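Please read them with the structure in view.

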Amino acid sequence: MSASKMDGHRSRGRYTHAEAILGPELCDRLANTKVLLVGAGGIGCELLKNIILTGFGHITLLDLDTIDLSNLNRQFLFKKKDVKQSKAMVAAHTAGAFNPNVHIQPVHANIKESQFDIEWFQTFDIVLNALDNLDARRHVNKMCIAAGIPLVESGTAGYLGQVQPLVKDRTECFDCIPKPAPKSFPVCTIRSTPSQPIHCIVWAKSYLLPQLFGENEDGGSELDEAEKQGENAQEIAALRKEVLAYNVVRNSLRSAETTDDAAKTVFHKVFNTDILNLLSMADMWRSREKPTVLDFDTIMDGSFVVKEPSKSGAAPANSKQKPNGHLNRDANAPISASQKGEGGLKDQRELSLQENLSLFVSSTNRLASRLRAGEEFISFDKDDDDTLDFVTAASNLRSAAYYIERKTRWEVKEMAGNIIPAIATTNAIISGLIVLQALHLLRKSYSSLKNVHIQFKPSVPLSTVNLCPPNPKCGICRDTYTKVQCDPARVTLGELVCGILGNGEGEDGGTGKRDVSVYEDKRVLSDPDWDDNVERTLESLNVTRGKFLTIVDEEGEWETIAVALCELPPNHPADGPALLLPSSLPLPPFNPRPPTPMPPAPSRKRSAPGDEVSEVEPSAKRAKTNGTSLPELGSPSKKRRLEEDGLVMLDGGADKIEDDDVIEID
């Protein structure tokens, strides 16, 4: 039997059940379907296996992350030997053996990189999201809306899960419903008056670690913002002095050979001097318990004791509790196994105060050695043992000073790394539901699409919800998208905006010239009264491939236009035009402003004798300019609004109004 016949028999045998369920037509289409799978983690591994076995023929798998030891309990495509390697590369290699007929292209990169622009997204038939962070999800959602590519969004949290198919103009997009803002805490609570374990963990991760080893040397902007929010001015002034003192400690960690003495210097600054400074502000402690100053030597020899907090985090009201700093026992007495915290998994046992101090010294020295070895800055990473050890030890020492419950290394990793508990079974169920919704999208069976939820109801573990239409006020899917190909080094902002607006003639002539404001993300690049950037090139404004320019109508009558920037075609001549506009210029929906209501008719009631009432029509006349044109000082739209209020904007300082009934305002 020839090789081709063998491949044919093998293919038909492999997909026999799929053909019986999906039909031969859809099965044949799957072989040529190009799918982008973003994420190769818990859901991504299960989903990659499913779409390979279903018969999707061309798969691009993209993930920025590397494999961590903690992934192995649920991400079955990885083994211990793969730790620290690219998730996308290893997953593609492992899963490729499941179906040799499928072509898998792994990409180890960030989905937000400029190379993955709207044209790149348009090469796919469908996009499947298996991401675990909000920012990347929002980015993929916007790119799919702009490219007109269907997207299946998903997520899990423990036993809960959700699958949501998204189609431009048919369903709501990911941003149609506002997402809750991440939990934040007042600066003074984090830095001066913590009362919960999370306060100490955030302090260690987001303040102490950057102050000592990261980029943040002064933290001034954060304190400025806190001052604007009305937080305690005395506390903020003390915190500014505290921040300046960190420069000496930073230098000691970077210059001389780091020893235990350097770590001791850091400890003394953070847990002794800084706490003494806080205690000097008596007003702060009138309604709350004062923290205790920690002592390095007595903690290290085991003779220092602090009050043990209750599980709620508050200090117990026990009059028999020994005071802080009291000798807990004979310094030479042996420590029992329970006191040492022995037993249980390494990361899941509670460390003693002495063990936390030893971990603080060890992690401080390791991080300092990395700085001296050439690392410029070090930031927190839950998979970086050095930074995790430092945050664990520092947060627990701070908790001890404030009588707050201390946490294990595993608990600190969960809280500092914002880890959502993941369960392999939930991921497997969700990945199967993603494939079902993807098949509906490929069939264009839009009436069959559903939002599917896994919930805590044994009688109804799965629930479905009909899809909602787009939110008419959504700032993402209600924009009108278009793309341009250009050379950002040769095209100015004004040229691009004028080209997109067009002359307004015919169906493809755009909206015509009008007053607009132009944005890139949250940056204002121009508006009718500020045109400094109009003659600057896009490259000089850092508006390049993969970014969007947003054109907003000043009057609010035209809907917003979002322009995606792409590269010029590969075969474009060097002396060709630097800007290629779409063949049909965008024409967003037009919502004319309602006409200004007419003033009420004058009363017909006769005035009483002696009343001298006269109605004067406001009038304003412009002085003649003798045929010379003066530059406009304001946009026409603003002039019109002023004139509706009975005011006149002059074109120049020499203009005069020839009317005695008009008052001039400088």
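At what angle do helix 9 and helix 15 pack, and how far apart are their axes? The answer comes in point 2, after some words on the model as a whole.

1. **Basis and overall make-up.** This is a predicted model, in which local features need pLDDT of at least 70 and side-chain atom pairs count only at pLDDT 80 or more, while totals for chains, interfaces and linings use all residues. Residues are numbered from 1 along each chain as its sequence is written, and side-chain values use heavy atoms, with hydrogens and water left out. The chain has 20 helices and 14 strands, where helices (H or I, at least four residues) and strands (E, at least two) are DSSP runs numbered from the N terminus. Of the 666 residues in the chain, 44% are buried, a term that stands for under 20% relative accessible area, with exposed meaning over 50% and partly exposed in between (1.4 Å probe, protein chains only). The accessible surface comes to about 36,000 Å², and 52% of this belongs to carbon and sulfur atoms; such areas come from the Shrake-Rupley method with a 1.4 Å probe. Among the contacts in the chain with a separation of 6 or more, 67% join residues 24 or more positions apart, contact meaning heavy atoms within 4.5 Å.

2. **Helix 9 against helix 15.** Helix 9 and helix 15 (residues 353-372) pack at an angle of about 40°, and their axes are 11 Å apart. Axes here are lines fitted to C-alpha atoms, for helices over the stretch in contact, and angles run from 0 to 180 degrees between N-to-C directions. The two helices are therefore oblique to each other, since angles under 35 degrees count as roughly parallel, over 145 as roughly antiparallel, 65 to 115 as roughly perpendicular and the rest as oblique. L209, L212 and F213 of helix 9 meet T364, L367, A368 and L371 of helix 15. The residues of this contact divide into 6 nonpolar, 1 polar and no charged, with Ala, Val, Leu, Ile, Met, Phe, Trp, Tyr, Cys and Pro counted as nonpolar, Asp, Glu, Lys and Arg as charged, and the others, Gly among them, as polar.

3. **Helix 9 against helix 17.** Helix 9 (residues 197-213) also packs with helix 17 (residues 409-416), here at an angle of about 75° and with the axes 10 Å apart. That makes helix 9 roughly perpendicular to helix 17. I198, I201 and K205 in helix 9 meet V412, M415 and A416 in helix 17, and the residues of this contact divide into 5 nonpolar, no polar and 1 charged.

4. **Strand 6 and its partners.** Strand 6 (residues 160-166) is mostly covered, with 5 of its 7 residues buried. Strand 5 (residues 151-157) pairs with strand 6 in the antiparallel sense over 7 bridges, pairing requiring that DSSP finds at least two bridges between two strands. L151 stands opposite L166 in strand 6. These strands form a hairpin with 2 residues between them, and G158 in the turn has a positive phi of about 65°. Strand 6 pairs with strand 7 (residues 450-454) as well, in the antiparallel sense over 3 bridges, and Q162 stands opposite H453 there.

5. An open sheet of 6 strands has the order 11-10-12-13-9-14, with mixed pairing. Strand 11 (523-526) and strand 14 (579-580) stand at the edges, each with a single partner strand, so one side of each is left without a neighbour in the sheet. Helix 19 (residues 493-501) packs on this sheet, touching strands that include strand 9 and strand 12 (548-553), and its direction makes about 60° with that of strand 12. Strand 9 (residues 480-486) and strand 13 (residues 561-566) pair in the parallel sense over 6 bridges, and Y481 stands opposite A562. Strand 12 has 5 of its 6 residues buried; with strand 10 it pairs in the antiparallel sense over 4 bridges, and V518 stands opposite I551 in strand 12. Strand 12 and strand 13 run antiparallel and are joined by 4 bridges.

6. **One residue in its setting.** Which residues does L22 contact, leaving aside its neighbours within four places in sequence? They are C27, L30, T54, L439 and R443. L22 is found in helix 2 (residues 16-22) and is buried, with a relative accessible area of 18%. L22 and L439 are 417 residues apart in sequence, yet 8.7 Å apart in space, C-alpha to C-alpha.
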